[in-house]
Amino acid sequence: MESHFETLRLVRRSLINLLEGHSLATLNHIPSGYNNNLVWNLAHVLVSQQLLVYRPAKVPMRIDDALIEKYRRGTRPDSKATNAEIEQLRQLAWSTIDMLEVDYAAGRFTEFEPFQTGIGIKIATVEDAIKFLPIHEAMHYGYSIALKRMLS
């Protein structure tokens, strides 16, 4: 599983790097034809990690419920993120991977309720969920690249 955690870190780094060098207004801007922004995409992948791995395993999630409700699938930005919120997301981007790796190594995921993703991938085990995370995050990375082009 070590390689999957490393891949996840690489994709996260790419997402975080997309935020660099932009004003707060740019990070919060939703271009015409889009329904979210760069901040939302980063926050969404953090929330999704929790919902794809922790929730089906019935293990307490490692981020605040308010963040989960604000950035889960089907949501859209309902307010402008502040610099403090963006910094919190940057920190969570790393700490949530570290916590996941520690929790996995400690054997905290002893049960798992199988599910199917929105794109039809069957997730039957915690390992399946962890392997799916970089796929999901890379999809949002690509979407974020398209958003960034619209902002230029």
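Gly107 follows H5, and its phi is positive, near 75°. I keep in mind that this is a predicted model.

**Helix H5, length.** I checked the span of H5 next. The helix covers residues 83-105, 23 residues in total. At 1.5 Å a residue, H5 should span 33 Å. I find its end C-alpha atoms 34 Å apart, which agrees.

**Helix H5, bend.** I then looked for a bend. H5 bends by about 25° at Leu92. Leu92 is also one of the buried residues of H5.

**Helix H5, buried side.** I listed the buried residues: Ile86, Leu89, Arg90, Leu92, Ala93, Thr96, Ile97, Leu100 and Asp103. An α-helix has 3.6 residues a turn, so residues three or four places apart point the same way. I asked what the buried residues of H5 pack against. The partners are helix H1 (2-19), helix H2 (24-28), helix H3 (38-57), helix H4 (65-71) and helix H6 (126-151).

**Cores.** I turned to the largest nonpolar core, which has 23 residues. Val39, Leu42, Tyr71 and Leu89 have the most contacts inside it. H1, H3, H4 and H5 each supply at least two residues of this core. H3 gives the most, with nine residues.

**Tyr71.** Last, I looked up which residues Tyr71 touches. Leaving out residues up to four places away in sequence, Tyr71 touches Val39, Trp40, Ala43, His44 and Val47.

Note on methods:
Residues numbered from 1 in each chain as written. Predicted model: local features only at pLDDT ≥ 70, side-chain atom pairs only at ≥ 80, totals over all residues. Heavy atoms only, no water. Helix = DSSP H or I, 4+ residues; strand = E, 2+ residues; numbered from the N terminus. Expected span 1.5 Å × (residues − 1). Bend = angle between axes of the 7 residues up to and from the residue. Buried < 20%, exposed > 50% of the residue type's maximum accessible area, 1.4 Å probe, protein only. Contact = heavy atoms within 4.5 Å. Core = buried A, V, L, I, M, F, W, Y, C linked by side-chain atoms within 4.5 Å.
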